[in-house]
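Me: I would like to go through this model with you, one topic at a time. Could you take my questions as they come?

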Number of protein chains: 2
Amino acid sequence: MSMILDGKKVAGEKKAIVAERVEKLAEKGIKPGLAFVAVGADEASLSYLRSQERACKKVGITPQTLRLAETITAEDLLNQLFKLNEADDVHGIIVTLPLPGQLNEERILSAIAPYKDVDCLSPANRGLLAFGQSEFQPATPAGILSLLEAYEITVSGKHVVVLGRGKAVGWPLAQMLLTKEKMGNATVTVCHSRSGDLTRYTRIADILVAAIGRPKFVNSDFIHKDQVLVDAGINGEETPEGWKMSGDIDFNEVSDKVKAITPVPGGVGPMTVAMLLNNVTEAAERRI
Amino acid sequence: MSMILDGKKVAGEKKAIVAERVEKLAEKGIKPGLAFVAVGADEASLSYLRSQERACKKVGITPQTLRLAETITAEDLLNQLFKLNEADDVHGIIVTLPLPGQLNEERILSAIAPYKDVDCLSPANRGLLAFGQSEFQPATPAGILSLLEAYEITVSGKHVVVLGRGKAVGWPLAQMLLTKEKMGNATVTVCHSRSGDLTRYTRIADILVAAIGRPKFVNSDFIHKDQVLVDAGINGEETPEGWKMSGDIDFNEVSDKVKAITPVPGGVGPMTVAMLLNNVTEAAERRI
């Protein structure tokens with residue numbers, strides 16, 4: 001039987017520490033605030049944002065969600081961001097990706113104030129991330145590394161294969177794994193839609209991370225018994241019992257065939273939220 | 001016998017095109033200028049800079065080298081950079097790395113104006129590079145991809161193993177290989193000093209790039225006969241006949257055992273210079 005890496009439990013511990021820090025800030029009259037900027041968000045995104053808002057409130061962070069029309073101009077969106085950059089009660093800003101086609105995504109992300117860039121979205125922070133010097137670490141990759149660390153799974157000198165090169169998970173995780181930080185110094189292979197036969201790479205991984213957004217894509221063909229599997233997928237799936245969340249890994253098929261695995265839900269997802277709350281709290285602490 | 005990827009020849013062709021473009025700029029009264037900022041440079045670095053200055057002059061670009069004391073303060077260095085950013089006759093700025101310990105390298109590199117950042121050194125341009133959107137592509141990685149392209153060696157879908165994660169070659173090359181650009185879409189593995197047994201990775205590479213700064217490090221144990229080898233090393237080596245330049249690959253040992261290989265000198269080095277001249281010229285053209 002594989003070890004289940006219990007993100008819900010570890011995240012719970014992290015969130016308890018965050019809640020204490022938020023209390024200490026409250027004694028100084030400071031209430032951390034996090035702004036979500038959602039442009040043309042669909043119902044699934046909004047539902048996800050609502051769950052993040054609830055998580056904020058639980059630890060004493062004030063969330064606000066700016067719902068903006070899909071047809072918004074760059075100028076109007078930049079004006080909204082400048083206001084959030086200036087707002088004293090906003091300590092962190094997250095722009096939901098991807099942005100609609102008429103907007104230059106990189107230009108928009110460049111406008112997030114570096115010290116409010118709690119998900120490491122701006123180009124400058126991304127360029128610094130690779131060398132361990134960004135203002136904050138992006139929530140999902142940081143959550144993955146923190147979960148591994150909690151189970152004393154090191155990455156230094158290991159071969160980590162990352163499926164996916166996206167801006168939110170695959171790419172930044174690869175950067176962090178390559179730094180000289182404590183949870184860095186891994187040998188990293190990044191695979192993606194153009195990699196051809198993925199099993200050529202996944203079968204030789206010490207740690208395999210799936211972040212491709214394809215439900216139950218990773219099956220027995222991809223793995224070996226000494227492997228640690230990390231599932232960063234969040235896919236809505238229609239089942240006979242209604243909508244269900246599933247990861248990029250076929251958990252039922254592989255979960256007893258590897259050394260350790262993160263479940264979905266209850267693995268990377270809660271860790272992402274915990275890291276985000278941690279970053280917002282840190283942003284507020286730095287402002288003192 | 002392996003195919004020798006003749007960087008000197010390909011770079012010569014590129015430089016001829018650059019020289020024509022510089023002539024056209026001259027007709028409009030514009031002379032491209034490139035500034036090198038060398039802090040506490042040793043004789044080897046200065047010799048390398050002099051060879052780059054000569055290459056500039058040959059195509060009609062005006063080089064200038066700011067030799068600054070190793071003990072310079074961040075404030076003084078930033079002031080120098082601001083002057084170069086403002087100078088109308090300077091179209092490109094290159095800061096020689098690494099900087100001395102008292103300086104925060106990332107803070108200094110952040111001060112290079114984006115449109116003069118012809119070697120893609122600033123954090124923001126580095127963050128954009130990974131998604132194919134930096135102002136310019138860094139000279140050495142661009143030179144490597146351009147040389148492969150000249151010999152119709154594609155990287156899409158190939159497994160490229162990069163030895164080295166440095167800011168000048170290994171890291172930015174990995175980023176470019178992962179973009180969705182024409183010379184991108186590769187599956188990329190980055191190895192480094194903490195990777196343990198490197199041959200575990202190098203032996204399964206379709207294309208192997210050495211950028212670790214260790215003379216003749218890559219030998220027969222690392223390679224296989226269908227491989228393309230790229231040597232980005234520039235190491236000074238003392239031989240019975242005096243100082244000689246050698247790469248990171250033991251050329252004599254492996255050159256007849258692989259499909260293709262870049263020599264040192266005459267491989268990646270000249271391509272780097274050609275790409276730099278190209279970028280400076282482009283910076284001047286964009287200013288029209």
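Predicted model: local features only at pLDDT ≥ 70, side-chain atom pairs only at ≥ 80, totals over all residues.

Me: How many residues of chain B are in contact with chain A?
Reply: On chain B, 25 residues are in contact with 25 residues of chain A; a contact means that the C-beta atoms of two residues, placed from the backbone, lie within 7 Å.

Me: Which element of chain B gives the most to that side?
Reply: H5(B) gives the most, with 6 residues. The elements giving two or more residues are helix H5 (123-129), helix H7 (170-178) and strand S6 (187-191) of chain B. Helices (H or I, at least four residues) and strands (E, at least two) are DSSP runs, numbered from the N terminus.

Me: And by class?
Reply: The side of chain B that touches chain A has 11 nonpolar, 10 polar and 4 charged residues. Here Ala, Val, Leu, Ile, Met, Phe, Trp, Tyr, Cys and Pro count as nonpolar, Asp, Glu, Lys and Arg as charged, and the others, Gly among them, as polar.

Me: How many bridges join S6 of chain A to S6(B)?
Reply: There are 3 bridges between these strands, which run antiparallel. Val190(A) has Val188(B) as its bridge partner. Two strands pair if DSSP finds at least two bridges between them.

Me: Changing topic: in what order do the strands of the open sheet in chain B come?
Reply: The order is S3-S2-S4, with 3 strands and parallel pairing. Strand S3 (62-68) and strand S4 (92-95) of chain B each have a single partner strand, so one side of each is left without a neighbour in the sheet. S2(B) (residues 33-39) is joined to S4(B) by 4 bridges, and Val37(B) stands opposite Val95(B).

Me: Which helix lies across S2 and S3 of chain B?
Reply: Helix H2 (residues 43-59) of chain B does, running at about 160° to S3(B). Axes are lines fitted to C-alpha atoms, for helices over the stretch in contact, and angles run from 0 to 180 degrees between N-to-C directions.

Me: Where does UniProt place the "binding site" feature in chain A?
Reply: The unreviewed UniProt entry places it at Gly164(A), Arg165(A), Gly166(A) and Ile234(A). UniProt positions are given in the numbering used here, feature names are shortened, and annotations may be inferred rather than shown by experiment.

Me: Is Gly164(A) buried or exposed?
Reply: Gly164(A) is buried, because 23 other C-beta atoms lie within 10 Å. A residue is buried if 20 or more other C-beta atoms lie within 10 Å of its own, exposed if 12 or fewer, and partly exposed in between, with C-beta atoms placed from the backbone. Gly164(A) sits in the loop between strand S5 (159-163) and helix H7 (170-178) of chain A.

Me: What about Ile234(A)?
Reply: Ile234(A) is buried, with 21 other C-beta atoms within 10 Å. Not counting residues up to four places away in sequence, Ile234(A) touches Met245(A) and Gly269(A).

Me: Last one: where is Ala260(B)?
Reply: Ala260(B) is in strand S11 (residues 260-261) of chain B. Ala260(B) and Leu5(B) are 255 residues apart in sequence and 6.7 Å apart in space, C-alpha to C-alpha.

Terms used. Residues numbered from 1 in each chain as written. Chains lettered and ligands numbered in written order.
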